[in-house]
Amino acid sequence: MAAPGENLRINGDRLWDSLMEMAKIGPGVAGGNNRQTLTDADGEGRALFQKWCEEAGCSMGVDTMGNMFATRPGTDPDALPVYVGSHLDTQPTGGKYDGVLGVLGGLEIVRSLNDLGIRTKHPIVVTNWTNEEGTRFAPAMLASGVFAGVHDQDWAYAREDHEGKKFGDELKRIGWVGDEEVGARKMHAMFELHIEQGPILEAEGKDIGVVTHGQGLSWTQVTVTGKESHTGSTPMPMRKNAGLGMARILDAVDRIALSHAPHAVGAAGHIEVFPNSRNVIPGTAVFTVDFRSPELSVIEDMEARLRSEAQEICTAMGLGVEFEKVGGFDPVEFDAGCVSAVRAAAERLGYSHMNLISGAGHDACWINRVAPTAMVMCPCVDGLSHNEAEEISKDWAVAGADVLMHAVVETAEIVE
């Protein structure tokens, strides 16, 4: 298929204006966004996205998980569509670009093709996946997971937020239950543009990350049991300190991850200590260890070593320990053809680029199971994300969207 000419570019000013306009919906308290999934703000953001898509000549389809699909027709009615998109929902203290850049970058492709009068053989479908963040309704990437057959829809509908409200009820409440069967759509390919959410591209001075793999993830909840007792009157040799046991295990987690440098990572973000009183030695500690690597064998090794080393630590201290695998997914290798299209686009446009492994989960990771998929990443300042201070430059956004457009248009095939 013929490659697009290097003069084919998106309208950077319009893309940036769209990002700033969407950011007005669900504003955060510190300059970012709080547009959590299936809230009124999410519904308002969806309505604006639909309005923009329809103004660009697209027809909107919505499935029963609330996934939105805006279609620009192709010239061949039998050609499978090329999908492009990400998510509009945010963290409670999220930034203006995480996910949103990928959705509005897809819309900008359609707008720019319209401006230039360019037609493609394959339809192009701009997608907003529901509940990518997973903050309000766990797990993350919920609706793309149902689409890819990873999760059951009834199970997804029954997910509850911290107030006990169910996903299915809230989707209905905001009016975004569609009539399409989830996963019925067939794809020629899918591309997702996203900010890196890490510091590598900025540190290396690269415009574009060509994402070749997505890290696998393992969440193991560890419960350490000791004995609650007075911090002042319990002799040191007689203590069964669950908090100290947890600390030693977390030190082991760090060592285990470092042993698989540079791509493996590990830490515990969720930690609870009971009774959490100033003058009581902790009797129980509950924490979740998050291991990630692009290699499944490395994840399995880290899991096994966590269990054996934690057991050894706790046995020596007279503590009990239990393990529960509470989440995870295998590493992802993105489609070689789609990855090549992204790399070729960056080279054609003269943008500096490097191969990148995504450290975070994305909807593309699930969709890769059912269609050829790849990701494009642009830098973000200091690698900061899931934070209202998240920031990117306009030039970075434009470069990412330019590369995205070339990869999508080449795959969708320009009709001369």
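Against which helices do the buried residues of α1 pack? In this predicted model, residues are numbered from 1 along each chain as its sequence is written; local features need pLDDT of at least 70, side-chain atom pairs count only at pLDDT 80 or more, and totals for chains, interfaces and linings use all residues. Side-chain values use heavy atoms, with hydrogens and water left out.

The buried residues of α1 pack against α2 (40-55), α3 and α12 (394-412), contact meaning heavy atoms within 4.5 Å. Helices are DSSP runs of H or I with at least four residues, strands are E runs of at least two, and both are numbered from the N terminus. G12, L15, W16, S18, L19 and M22 are the buried residues in α1, that is, under 20% relative accessible area with a 1.4 Å probe, protein chains only. They lie on the same side of α1 because they cover an arc of only 155° around the axis, taken from the directions from the helix axis to the C-beta atoms.

Helix α1 (residues 12-22) packs with helix α3 (residues 100-116) at an angle of about 140°, and their axes are 10 Å apart. From α1, R14, L15, S18, L19 and M22 meet residues of α3 including L101, L104, E108 and R111. The residues of this contact divide into 6 nonpolar, 3 polar and 4 charged.

Elsewhere, strand β8 (residues 216-225) contains T220. T220 counts as buried because its relative accessibility is 2%. Leaving aside residues up to four places away in sequence, T220 touches F287, T288, V289, L306, R307, F323, E324 and K325.

Terms used:
Axes fitted to C-alpha atoms, helices over the stretch in contact; angles between N-to-C directions. Nonpolar A, V, L, I, M, F, W, Y, C, P; charged D, E, K, R; others polar. Buried < 20%, exposed > 50% of the residue type's maximum accessible area, 1.4 Å probe, protein only.
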